[in-house]
Structures are given as structure tokens and as C-alpha cells.
Amino acid sequence: GPPGVGKTTLAKIIAQTTEASFFTLSAVTSGVKEVREVIERCKAESRSMFAKARPILFIDEIHRFSKSQQDSLLGAVEQGIVTLIGATTENPSFEVIRPLLSRSQVYTLKSLETEDLETLLKRALEKDPILSARDVEVKEKSALFRFSGGDARKLLNILDLLEQSTPANEPLIIADETVT
């Protein structure tokens, strides 16, 4: 799915719900050495009598792994040492090796819709410790939603910028002109 739609969050929710250990790597900064180290830790976890579920290995930007890096995951996936969750903004059919892809289920996440952005905005204004303490007036949302492009992180970053650029003693106005 595209950036900011909750790929990492979804993986964390799965780990929390299943009570599985959660290991994470970024394909941008990790190599085969790091993959092997994490798989060894997962082996130890899966052998533990306290393990409730198979450890989850989350790899962000898995499409950036080379063929050999992806090959290094194959044995652990086949043997059930880890549950692999790979996040990518690319089409996995073209970016993930076939042996790994054939052992996977692919889910496509889509950009957040206006209704989702509405929910996120409401939650941020009610639950965020800084925003909930501010006097916030929402006049218009179209520019906020347009500039976020269906990306939750962008929406939250824009809110953060608006909050930081508005003096604490003044109301925080969310309107098309303040967003642009």
C-alpha cells in the first residue's frame, strides 16, 4: 500500500493480538547479517516454553531487499520459525522473489478515504495531549485532506505544523488558508 496507510501499525496490531514477539527490520538499512541475527533470535523465542505464538518478523520496504537477502528469509518462513510480514509500496509480484511470494498472502491497502481522515482528525483533536489542550476551531478541512493525500502521517504532520506555528495563547484555526 501507499505510505501512511497503516502497514506498520497493522503488523503491530497483529503481533499484539496474537501475543507474538515482534521483530522489525528495515530493508533500507539491513542486510543478510541482520536478517540472520533476527532469525536466530526468533528461533530461540519459538523454542521458549513461554511463547504463545510464532514470532513475527516485520520487514519494512521489503521490495528493497535483493534476491539474496530475500533468499535468506526463505528457510525461516518454510520451517515456521517466523511469521513474515513484509510491507512495500511496490507491487510484490514484481519485487518479491517467487518462492517467498508463493508462501505468502498478499493484502493491498489503499490510501485513506475522506471518512478515514475525518476519524483521524477527530481522534487527534480529542486524544492528542497537546491538541486536546488547545482551543481548536475547525473551519475547513478540504486543504488539510487534499495535502495529506490519504496519508495519515502527512495529516498528523500538518496538524503538528499548524499547532507549532500558532502561539499557545491564540486559537488554533484549521482552515484552507492556514493549511496552504
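How does the radius of gyration of the protein chain stand against that of a compact globule of 180 residues?

## Overall shape

The protein chain has a radius of gyration of 20 Å, while a compact globule of 180 residues would be near 16 Å. Here the radius is taken over C-alpha atoms, and the globule rule is 2.2 Å times the number of residues to the power 0.38. The C-alpha trace spans about 60 × 40 × 25 Å along its principal axes.

A word on the model: it is predicted, with local features needing pLDDT of at least 70 and side-chain atom pairs pLDDT 80 or more, while totals for chains, interfaces and linings use all residues. Residues are numbered from 1 along each chain as its sequence is written, and side-chain values use heavy atoms, leaving out hydrogens and water.

## Helices and strands

You will find nine helices and five strands in the protein chain, in the sequence pattern α-β-α-β-α-β-α-α-α-β-α-α-β-α. These are DSSP runs numbered from the N terminus (helices: H or I, at least four residues; strands: E, at least two).

## The sheet and its helices

Three strands form an open sheet in the order S1-S2-S3, with parallel pairing; strands pair if DSSP finds at least two bridges between them. S1 (22-26) and S3 are the edge strands with a single partner each, so one side of each has no neighbour in the sheet. On average, neighbouring strands are turned by 20° against each other, direction ignored. S1 and S2 (residues 56-60) run parallel and are joined by five bridges; Thr24 has Phe58 in S2 as its bridge partner.

Axes are lines fitted to C-alpha atoms, for helices over the stretch in contact (heavy atoms within 4.5 Å), and angles run from 0 to 180 degrees between N-to-C directions.

## The largest pocket

The largest pocket has a volume of about 810 Å³. A pocket is an open set of points on a 1 Å grid over the protein atoms alone, where a 1.4 Å probe fits, with protein on both sides within 12 Å along at least five of seven lines. Its volume is the space filled by probe spheres set on the points, which are joined across faces, edges and corners.

Its lining (residues with an atom within 4 Å of a point) counts 28 residues, with Leu84, Ile85, Gly86, Gln105 and Tyr107 nearest the centre. H1 (7-18), S3 (83-87) and H5 (98-101) each supply at least two of the lining residues, and S3 gives the largest share, five. By class, 17 are nonpolar, seven polar and four charged (Ala, Val, Leu, Ile, Met, Phe, Trp, Tyr, Cys and Pro are nonpolar; Asp, Glu, Lys and Arg charged; the others, Gly among them, polar).

## The second largest pocket

The second largest pocket has a volume of about 340 Å³. Among its 18 lining residues, Gly4, Val5, Gly6, Lys7 and Ala152 are closest to the centre. H1, H6 (114-127) and H8 (152-165) each give two or more residues, with H6 giving the most, four. This lining has six nonpolar, six polar and six charged residues.
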